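Open the model in your viewer and show it as a cartoon. This tour tells you what to select next and what is there.

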Amino acid sequence: MSVSNDSEGSPNRTTIDENNSVVPSAVLFALGVVGNFIALCILYRHKHNSNRVSVFYVLVTGLVWTDLLGKLVVSPMVLACYITRQRLAHGMQCNAFGALMVFFGLCSMFILLAMAVECWLSIGHPYFYQRHVNRRKVLLMFPFIYLFSLLFCALPLILGDEFGKYKTYSPHTWCYIAMKRPHHMYSVLFGSLTGLLILLIVAFNLSVMISLLKMYKLSRKQKIRCASFEGAENQRVRAPHNGHAEEIDHLVLLALITVIFVICSVPVTVRTYIGASQVSDNDEAKDLLALRFLSVNSIVDPWVFIIFRTSLFRTMAHKLYDKLCHTRARHSVQQGTPDKPAQQQDLAA
């Protein structure tokens, strides 16, 4: 593999600049490991205390394990570079590092998509979900995700430098996909796949939100009809959102993780398309910033889950959802006021 003209110092230099400290990488590594470990403890305590573990929590556990393994496999290589003050070597070492980064990144993206699909099926298609979705089938899905991600990250190694390659990025302690010509085909393919996953995840989540709002409106209408036909006693019916508390929890957690995923992934997707039209590495600093956004995703995810599991945060999320639904319902009633006589005639009939 040819040596890239890196922006920092001579391309033949093998040592790391003395100004680069190991502290930021060590802190991020510690935060990632500790966060994922705490998240796993919470998940396994939930499994121990619950009679039934949902498919969603199986997927969350898979996501946390994937992020943790990614940190344990990749980050020590970065720390070793800092300790020895040696740059990551070109060739096999750089290829392995870059491939591992892409592998764990893609696995997390596909698991997040599976979480979105699971939520969409459980809310929008409950009969299909009850008959065809279970924990055993979900567990069988993980090997396919890992296999596809493994094959994808190996494409530059199989098809050669003309298709794509992995290169070192400043401060030359890590490698990732080369985004500039003439090695841009793989980066464009990766950016397109990432963009597609982002669109699918957002689309499924929006569909789930719309379905939950429709379910709330339907429950509210049923409550009003019961109150009008059976008297005031039936007004003590439990609040509609309590019947969907678990679904709301899943949706809020998925929405939070998705927002972070989009924020961390969109910059890389954009940079891959911009890099496809460039030859020089003059904008390597922007590429590096986008890649650092992507690497932060696996660190933030477990802490989002930890914060979400606190009772205070979940109570606030339920209150916010209830307020949103009441606002939507009140708005619908105001718009539907002229049709009230027609509705009464339908009830009388």
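Helices (H or I, at least four residues) and strands (E, at least two) are DSSP runs, numbered from the N terminus. This is a predicted model: local features need pLDDT of at least 70, side-chain atom pairs count only at pLDDT 80 or more, and totals for chains, interfaces and linings use all residues. Residues are numbered from 1 along each chain as its sequence is written, and side-chain values use heavy atoms, without hydrogens and water.

Select residues 92–124. This is helix α3, with 33 residues. From first C-alpha to last it reaches 47 Å, close to the 48 Å expected at 1.5 Å a residue; the expected span is 1.5 Å times one less than the number of residues. Of its 33 residues, 25 are buried, so α3 is largely enclosed by the rest of the structure. Buried means under 20% relative accessible area (1.4 Å probe, protein chains only).

Now select Cys 94 and Cys 175. A disulfide joins them, S to S 2.1 Å. The cut-off for a disulfide is a pair of cysteine sulfur atoms within 2.5 Å. Cys 94 lies in helix α3 and Cys 175 in strand β2 (residues 174–177), 81 residues apart. Both cysteines are buried. A search of the whole structure finds one disulfide.

Next, pick Cys 81. Its sulfur is 8.6 Å from the closest cysteine sulfur, in Cys 175, too far for a bond.

Finish at Cys 153. This residue is in no disulfide; the nearest cysteine sulfur, that of Cys 107, is 8.3 Å away. At 4% relative accessibility, Cys 153 counts as buried.

Conventions: Buried < 20%, exposed > 50% of the residue type's maximum accessible area, 1.4 Å probe, protein only.
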